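Subject: Structure handover

Hello,

Here is the structure I promised to pass on. Please open it next to this email and follow along.

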Amino acid sequence: MQFMLMFYESPEDMAAQAARSPAHTAAWMAYVSAVQQSGISRGGEGLQPPAAATTLRIRGDKRQVLDGPFADTKEQLGGFFIIDVPDLDTALEWAARAPCAATGGVEVRPTLVMN
């Protein structure tokens, strides 16, 4: 089964990323390396900071375009992996290893299978 792991980082984690903190960078590089070496990765990327985001919504016949992410939470999406593992329990094990799991969160969602 394929799952998308979406990494939500705390404001402190985002600041550490922006400052290129050696500890933050090392933790993520170790995790990325482990995922890639395991052979489960089907793709993924880190994302630019939330300030680089643009959110679009359609309301009626009008477009609403907002600078930045539109979220009611302090955590922001920092990146993602798509992994191919046998089941949800295995996906959750990989999610728990992500550096942001202790300070932000990791959303684990099955991908939609189109036949």
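Before the rest, a word on the source. This is a predicted model, in which local features need pLDDT of at least 70 and side-chain atom pairs count only at pLDDT 80 or more, while totals for chains, interfaces and linings use all residues. Residues are numbered from 1 along each chain as its sequence is written, and side-chain values use heavy atoms, with hydrogens and water left out.

**Overall layout**

The protein chain has three helices and six strands. Their order from the N terminus is β-α-α-β-β-β-β-α-β. Helices (H or I, at least four residues) and strands (E, at least two) are DSSP runs, numbered from the N terminus. The C-alpha trace spans about 45 × 45 × 20 Å along its principal axes. Of the 115 residues in the chain, 28% are buried. The accessible surface comes to about 7600 Å², and carbon and sulfur atoms account for 55% of that. Such areas come from the Shrake-Rupley method with a 1.4 Å probe; for residues, only the protein chains shown count as cover.

**The core**

The largest nonpolar core has 17 residues. By definition, such a core is a set of buried Ala, Val, Leu, Ile, Met, Phe, Trp, Tyr and Cys residues joined through side-chain atoms within 4.5 Å. Which members touch the most others? They are Leu-5, Phe-7, Tyr-31, Val-35, Ile-83, Val-85 and Trp-94. Four elements each supply at least two core residues: strand E1 (2–9), helix H2 (22–38), strand E5 (76–84) and helix H3 (88–97). Helix H2 gives the most, with four.

**The aromatic rings**

A search of the whole structure finds five aromatic pairs. Rings of Phe, Tyr and Trp (its six-membered ring) pair if their centres lie within 6.5 Å; planes under 30 degrees apart count as stacked, over 60 as edge-to-face and the rest as tilted.

Take Phe-7 and Trp-28. Their ring centres are 5.1 Å apart and their planes stand at 70 degrees, so the pair is edge-to-face. Phe-7 lies in strand E1 and Trp-28 in helix H2, so this pair ties together parts 21 residues apart in sequence. Phe-7 counts as buried, at 3% relative accessibility. Trp-28 is buried too, at 14%.

Phe-7 also pairs with Phe-81. Here the centres are 6.2 Å apart and the planes at 90 degrees, so this pair is edge-to-face. Phe-81 lies in strand E5 and Phe-7 in strand E1, so the parts tied together are 74 residues apart in sequence. Both residues are buried. Ring pairs link Phe-7, Trp-28, Tyr-31 and Phe-81 into a cluster.

**A buried histidine**

His-24 lies in helix H2. His-24 counts as buried, at 13% relative accessibility. Beyond four places in sequence, His-24 is in contact with Glu-9, Asp-13, Ala-16 and Gln-17.

**Salt bridges**

How many salt bridges does a search of the whole structure find? The search finds two. A salt bridge is a side-chain nitrogen of Lys or Arg within 4 Å of a carboxyl oxygen of Asp or Glu.

One joins Asp-84 and Arg-42, with the closest N and O atoms 3.7 Å apart. This pair links distant parts of the chain: Asp-84 is in strand E5 and Arg-42 in strand E2 (residues 41–46), 42 residues apart. Asp-84 is partly exposed at 29%, and Arg-42 is partly exposed at 45%.

Another joins Arg-109 and Glu-107, with the closest N and O atoms 2.3 Å apart. Arg-109 is partly exposed, at 45%.

**One more pair**

Ala-18 is in helix H1 (residues 11–18). At 64% relative accessibility, Ala-18 counts as exposed. Ala-18 and Pro-49 are 31 residues apart in sequence, and their C-alpha atoms are 7.9 Å apart in space.

Best regards

How values were computed. Buried < 20%, exposed > 50% of the residue type's maximum accessible area, 1.4 Å probe, protein only. Contact = heavy atoms within 4.5 Å.
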